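Please keep the sequence and the model in view while reading.

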Amino acid sequence: MAPTPGGNGRTRVHVVSDVHGNARDLARAGDGADALVCLGDLVLFLDYADHSRGIFPDLFGVENADRIVELRTARRFEEARELGARLWSGVGTDRAAAIEEAVRKQYAEMFAVMPTPTYATYGNVDIPMLWPEYAGPGTTVLDGERVEIAGRTFGFVGGGLRTPMRTPYEISDEEYAAKIEAVGEVDVLCTHIPPEVPELVYDTVARRFERGSRALLDAIRRTRPRYSLFGHVHQPLTPRMRIGTTECVNVGHFAGTGRPWALEW
């Protein structure tokens, strides 16, 4: 059920993205708000700021995590994949099963602390098929769908576009565009990845352009939502800009900041 305005007649929604294992701050992210919106990437495979954190160093150690971050940052993706293949070949276990077990532990922790109500969509490192097992009755999962929150329509599109990184929930441009089309005209357009604008997709620390969506950019120009909210780029060149009448906001790398972005009306 969509929340009704608070006692002062106004509604406050907190928005987070790129949680990456930060359950401690996620547990407080809804404090003082009527609802929480989560734009995905709950899973922490590898923390690029602290290479000792995540599924990868847990399995293969910090030294190998240092090396794979070095290769990926240099965009030497083929070498990074070869290193990963060598490491997995020495584990003597099923790769998919090992990853799923680790992801399940993180999901159990993340979903357990989400406040009611939470509206969530997937990030590119998430595994959608596991979410129904962990999302409680207070969490509504949406992808290519809309919901009304206190008189405003929110549209949600999860996942990312295909890249050399080959993260778990990357889809084709055509499939992504179809989900954007299915959402249609909304007041607040919530996605994991940003629209394809250079200033919004460039990560100043990783020193690379992440993939943004041209279909999302076209939809913003065509339907003119009040807000376009997204994450994915952890240290964007420009965290906020206007496209026509739409305020486009990177709601932040929640794993690093621990602070939700607030929308009030």
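Predicted model: local features only at pLDDT ≥ 70, side-chain atom pairs only at ≥ 80, totals over all residues.

Gly-155 has Leu-189 of β9 as its bridge partner.

The bridge between Gly-155 and Leu-189 belongs to the pairing of β6 with strand β9 (residues 188-191), which is parallel and runs over 4 bridges. Helix α7 packs on the sheet, where α7 touches β5, β6 and β9, and the direction of α7 makes about 170 degrees with that of β6.

The whole sheet is open and has 6 strands in the order β5-β6-β9-β12-β14-β13, with mixed pairing. Which strands stand at the edges? They are β5 and β13 (240-243); each has a single partner strand, so one side of each is left without a neighbour in the sheet. Ignoring direction, neighbouring strands of this sheet are turned by 20 degrees against each other on average.

**The five-stranded sheet**

Another open sheet is formed by 5 strands in the order β4-β3-β2-β1-β15, and its pairing is mixed. Here β4 (139-141) and β15 (261-264) are at the edges; each has a single partner strand, so one side of each lacks a neighbour in the sheet. From one strand to the next, the twist averages 20 degrees.

Inside this sheet, strand β1 (residues 12-16) and strand β2 (residues 35-38) are paired in the parallel sense over 4 bridges. His-14 stands opposite Leu-36 in β2.

| Strand pair | Sense | Bridges |
|---|---|---|
| β1 and β2 | parallel | 4 bridges |
| β6 and β9 | parallel | 4 bridges |

**Helix packing**

Helix α7, which packs on the sheet with β5, β6 and β9, also has a helix partner. The axes of helix α7 (residues 173-183) and helix α9 (residues 214-223) come within 9 Å and cross at roughly 20 degrees. An angle under 35 degrees counts as roughly parallel, so α7 is roughly parallel to α9. The crossing of α7 past α9 is right-handed. On the α7 side the contact is made by Ala-177, Ile-180 and Glu-181, and on the α9 side by Ala-215, Leu-216, Ala-219 and Arg-222. Sorted by class, the contact of α7 with α9 has 5 nonpolar, no polar and 2 charged residues.

For helix α3 (residues 62-73) and helix α4 (residues 77-89), the axes come within 8 Å and cross at roughly 155 degrees. Are these two helices roughly parallel or roughly antiparallel? Angles over 145 degrees count as roughly antiparallel, and therefore α3 is roughly antiparallel to α4. In this case the crossing of α3 past α4 is left-handed. Asn-64, Arg-67, Ile-68, Leu-71 and Arg-72 of α3 make the contact with Phe-77, Glu-79, Ala-80, Leu-83 and Leu-87 of α4. By class, the contact of α3 with α4 has 6 nonpolar, 1 polar and 3 charged residues.

**Aromatic pairs and backbone details**

A pair of aromatic rings is described by how far apart the centres are and by the angle of the planes. With centres within 6.5 Å as the cut-off, the count comes to 11 aromatic pairs. One of them is Tyr-107 with Phe-111: the ring centres are 5.7 Å apart and the planes are at 70 degrees, so the pair is edge-to-face. Both Tyr-107 and Phe-111 lie in helix α5 (residues 95-112), where they are 4 residues apart, about one turn of the helix.

In the loop between α5 and β3 (118-120) lies Pro-117, and the peptide bond from Thr-116 to Pro-117 is cis, with omega near 0 degrees. The loop between α9 and β12 (227-230) contains Arg-224. Arg-224 has a phi near 50 degrees, a positive value in a residue other than glycine.

Technical notes. Residues numbered from 1 in each chain as written. Heavy atoms only, no water. Pairing = 2+ DSSP bridges. Axes fitted to C-alpha atoms, helices over the stretch in contact; angles between N-to-C directions. Parallel < 35°, antiparallel > 145°, perpendicular 65-115°, else oblique. Left-handed = near helix turned anticlockwise from the far one by under 90°. Contact = heavy atoms within 4.5 Å. Nonpolar A, V, L, I, M, F, W, Y, C, P; charged D, E, K, R; others polar. Phe/Tyr/Trp six-rings, centres within 6.5 Å; stacked < 30°, edge-to-face > 60°.
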